[in-house]
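Please examine the structure shown below. The briefing that follows treats its strands, helices and domains by topic.

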Amino acid sequence: MAMTIHVDVVSAEESIYSGLAEFVVLPGEAGELGILPGHMPLMTRIKAGTVRLKLPNQDAEELFFVAGGMLEVQPNRVTVLADTAIRGKDLDEAKALDAKKRAEEAMASRSSEMDYVRAQAELAEAIAQLSAIQKLRRRSH
Amino acid sequence: MASGKEIRTKILSVQNTRKITKAMEMVAASKMRKAQERMKAARPYGDKIRRIAANLSRANSEYKHPFLVKNDKVANAGLIVITTDKGLCGGLNTNVLRLALGRIKDWDAAGVKNVSVGCVGNKGLGFMQRLGANVVSKVTGLGDTPHLEKLIGPVKVLLDAFSAGELDVVFIAYTRFVNTMKQEPVLEQLLPLSGEQLQDEQAHSWDYLYEPDSKAVVDELLVRYVEALVYQSVAENMASEQSARMVAMKAASDNAGTVIKDLQLIYNKTRQAAITKEIAEIVGGAAAV
């Protein structure tokens, strides 16, 4: 039997593949990477592209599309941390700026001082209401 | 005593309310299952990335990332508050906001001058605005499915501030999903990454080959790790939201049922009284003739 290596392909939102493979091909940042069992420990970024797995005892290859991510290789284990969104420094920066801008807009009407007393009163009121409702409920049963 | 018609109208209106709460309960129940599945689906990624981060922090890399460096003195703090967008889910948001407020007060007492807040969800944003906190980033309208894409920006604002040394510590407040009946608000330290989180029993000290170089790879990995932690919290918060809403709406439907029963009793009594009165009048009239 041919040597195999354990491969996990996961994204933040779901687990995409977990199992054995004889050979893995990934779109590495510096070019296509082919990983065989016993590869030396490697840590790199991968680009958007296709991950190809040669499964044991099967002619057909398993294919996954990834939008980029990270790759970790240990001698008997390959982990692909796939991104769910296309990432890029500029793209991320734009998202951060957008979030900041919207927060600033929302903050335009804020009062200057932290108003703990009022906030606490507000929360206390909400909690009192909830417990009152609970008590009423218990009594009605 | 209220007239028969008034009570009838009241009963109808409570019945309508019960219809709505019943529908909301069922919607929340079906969404809850999906939200729990999504929460579980996010776990493998978190486990994998934690293991890799643990390997990395142990591997003797010459580069020490700012996320791993502890600050003894805290002068500026960051807080990510995860709440729901919509209400009608019991004390869920109130409890987590109370926890967050307590933390902010403690910081204030300990001489932390600036607290930057990142808000995920409408309820927390509204509260922080009223409180007058310094909201530096926000994201609302996440819908029923948490998407990492929407979280990248708001989280990055705080991560960047931390990397730049503007923040010394970043906490995250959210509601942890225990089971359908129980959700608990938690407040955890996000940055700097604590050593315990990165402990791993099957310790292997790999000397990695980095491509292009260790700094770029570690930077990117740790940012993803923090994002995965935030994503997991948001997914847990959503599962908590749906179950809390389901329980709250079930209670509301039950309450409506009790109210209807009581009103029905009053209605029957008044009707009976009216009939008795009429008979008495007729009998009285007949006797007079």
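**Hairpin in chain A**

In chain A, E1(A) and E2(A) form a hairpin with three residues between them. The model is predicted: local features require pLDDT of at least 70, side-chain atom pairs count only at pLDDT 80 or more, and totals for chains, interfaces and linings use all residues. Residues are numbered from 1 along each chain as its sequence is written, chains are lettered from A and ligands numbered from 1 in the order in which they are written, and side-chain values use heavy atoms, with hydrogens and water left out.

- Strand E1 (residues 5-11) of chain A pairs with strand E2 (residues 15-21) of chain A in the antiparallel sense over six bridges. Two strands pair if DSSP finds at least two bridges between them; helices (H or I, at least four residues) and strands (E, at least two) are DSSP runs numbered from the N terminus.
- Within this pairing, Ser15(A) in E2(A) is the bridge partner of Val10(A).

**Domains and a backbone feature of chain A**

- Chain A is assigned domain 1 (5-88) and domain 2 (91-140), with bounds that come from an automatic or database domain assignment.
- The centres of domain 1 of chain A and domain 2 of chain A, taken over C-alpha atoms, are separated by 43 Å.
- Asn57(A) has a positive phi of about 60° although it is not a glycine. Asn57(A) lies in the loop between strand E5 (42-54) and strand E6 (61-74) of chain A.

**The open sheet of chain B**

- Five strands of chain B form an open sheet with mixed pairing, in the order E3-E2-E1-E4-E5.
- Strand E3 (134-139) and strand E5 (182-191) of chain B stand at the edges with a single partner strand each, so one side of each has no neighbour in the sheet.
- On average, neighbouring strands of this sheet are turned by 20° against each other, direction ignored. Axes are lines fitted to C-alpha atoms, for helices over the stretch in contact, and angles run from 0 to 180 degrees between N-to-C directions.
- Seven bridges link strand E1 (residues 76-82) of chain B to strand E2 (residues 114-120) of chain B in the parallel sense; Gly78(B) stands opposite Ser116(B) in E2(B).
- Strand E4 (residues 169-179) of chain B and E5(B) pair in the antiparallel sense over nine bridges, and a hairpin joins E4(B) to E5(B) through two residues.
- Ile172(B) has Glu188(B) in E5(B) as its bridge partner.
- The peptide bond from Leu191(B) to Pro192(B) is cis, with omega near -10°. Pro192(B) is found in the loop between E5 and strand E6 (209-211) of chain B.

**Helix packing within chain B**

- Helix H5 (residues 148-163) of chain B packs against helix H6 (residues 214-288) of chain B at an angle of about 120°, with axes 10 Å apart.
- H5(B) and H6(B) are therefore oblique to each other. Angles under 35 degrees count as roughly parallel, over 145 as roughly antiparallel, 65 to 115 as roughly perpendicular and the rest as oblique.
- H5(B) passes H6(B) in a right-handed crossing. A crossing is left-handed if the near helix is turned anticlockwise from the far one by less than a right angle, and right-handed if clockwise.
- Leu148(B), Leu151(B), Ile152(B), Val155(B) and Leu159(B) in H5(B) meet Val223(B), Val226(B), Glu227(B), Val230(B), Tyr231(B) and Val234(B) in H6(B), where contact means heavy atoms within 4.5 Å.
- The contact of H5(B) with H6(B) has 10 nonpolar, no polar and one charged residues. Ala, Val, Leu, Ile, Met, Phe, Trp, Tyr, Cys and Pro count as nonpolar, Asp, Glu, Lys and Arg as charged, and the others, Gly among them, as polar.
- The axes of helix H1 (residues 4-41) of chain B and H6(B) come within 7 Å and cross at roughly 160°, which makes H1(B) roughly antiparallel to H6(B).
- The crossing of H1(B) and H6(B) is left-handed, and its contact residues divide into 21 nonpolar, 11 polar and nine charged.

**Helix packing between the chains**

- Helix H1 (residues 89-107) of chain A and H5(B) have axes that come within 7 Å and cross at roughly 80°, which makes H1(A) roughly perpendicular to H5(B).
- Residues of H1(A) that meet H5(B) include Asp92(A), Glu93(A), Lys95(A) and Ala96(A). On the side of H5(B), the residues include Glu149(B), Ile152(B), Lys156(B) and Asp160(B).
- By class, the contact of H1(A) with H5(B) has five nonpolar, one polar and seven charged residues.
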